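These are my notebook entries on a single structure. I record what I looked up, one topic at a time.

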Amino acid sequence: GRDFLPESDLIAAMATARMRGVDVEIIVSDKNNQLIAKWASDALLPELVKAGCTVYKTLGPFDHTKLVVVDEHWALIGSTNFDPRSLRLNFEFNIECHSPPFARAMNTILDVKRTGARRVTNHELATVSLPSRLRGGLARLFLPYL
C-alpha cells in the first residue's frame, strides 16, 4: 500500500480550505510497506501542518481504506490513493454517498481511529533530523512514480 502522497494542487486546496476556516483533518497509518512512499509522505506533512491541517498517525496496522467525509453530509470511500498515479492511471473504485446517516457513521469510525492515533505536531516536525529531511525531499522527487 501507499501512503498519503497528494500533489501540490491538492495540498494547496487543503491549505486554502483552512484559510477559509474549514477544519481539515488527515489520518494516515504510521506504518507502510513501501519505505520510500513513507519517506515522501512524511516530507509532505510539515506543509500541511503549517497550513493548519490536523494530521494524525494511526499506530495500528496499515489501513488501505480511503475515506473523505464533508460536513456530515457527504462521504467518499474507496481504494483510490491520494497520489498522482492512483488518481490518473490506476483502476480504482470509490463510492460517493450523499447521506447524512452514512456520513455520521463514517465520522464515528474516524473518531475511533483518532482516539488510537497520535497527533503530528509542529514540535515533532521541527525536530526531524537533517538527514531524514533530505531523505524525504529526495523521496518526494519520485512522487509521480510512487
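This is a predicted model: local features need pLDDT of at least 70, side-chain atom pairs count only at pLDDT 80 or more; totals for chains, interfaces and linings use all residues.

I found an open sheet of 3 strands, in the order β3-β4-β5, with antiparallel pairing. I then asked which strands lie at the edges. They are β3 (66-70) and β5 (94-98), each of which pairs on one side only. From one strand to the next, I noted a twist that averages 10 degrees.

I looked up how many bridges join β3 to β4. There are 5 bridges between β3 and β4 (residues 74-78), and the two strands run antiparallel. As one example, I traced Val69 and found that its bridge partner in β4 is Ala75.

I turned to helix α2 (residues 35-50) and helix α6, whose axes come within 7 Å. These axes cross at roughly 105 degrees. Angles of 65 to 115 degrees count as roughly perpendicular, so α2 is roughly perpendicular to α6. I next listed the residues that make the contact. From α2 they are Ile36, Trp39, Ala40, Ala43, Leu44 and Glu47. From α6 they are Arg135, Gly136, Gly137, Ala139 and Arg140.

I asked which residues make the nonpolar surface patch of about 330 Å². The patch is made by Leu138, Leu141 and Phe142. I located Leu138 in helix α6, which spans residues 130-140.

Note on methods:
Residues are numbered from 1 along each chain as its sequence is written. Side-chain values use heavy atoms; hydrogens and water are left out. Patches are made of residues with over 30% relative accessible area and no salt bridge: like charges are joined within 9 Å, nonpolar side chains (Val, Leu, Ile, Met, Phe, Trp, Tyr) within 5 Å. Accessible areas come from the Shrake-Rupley method with a 1.4 Å probe; for residues, only the protein chains shown count as cover. A salt bridge is a side-chain nitrogen of Lys or Arg within 4 Å of a carboxyl oxygen of Asp or Glu. Helices (H or I, at least four residues) and strands (E, at least two) are DSSP runs, numbered from the N terminus. Two strands pair if DSSP finds at least two bridges between them. Axes are lines fitted to C-alpha atoms, for helices over the stretch in contact, and angles run from 0 to 180 degrees between N-to-C directions. Angles under 35 degrees count as roughly parallel, over 145 as roughly antiparallel, 65 to 115 as roughly perpendicular and the rest as oblique. Contact means heavy atoms within 4.5 Å.
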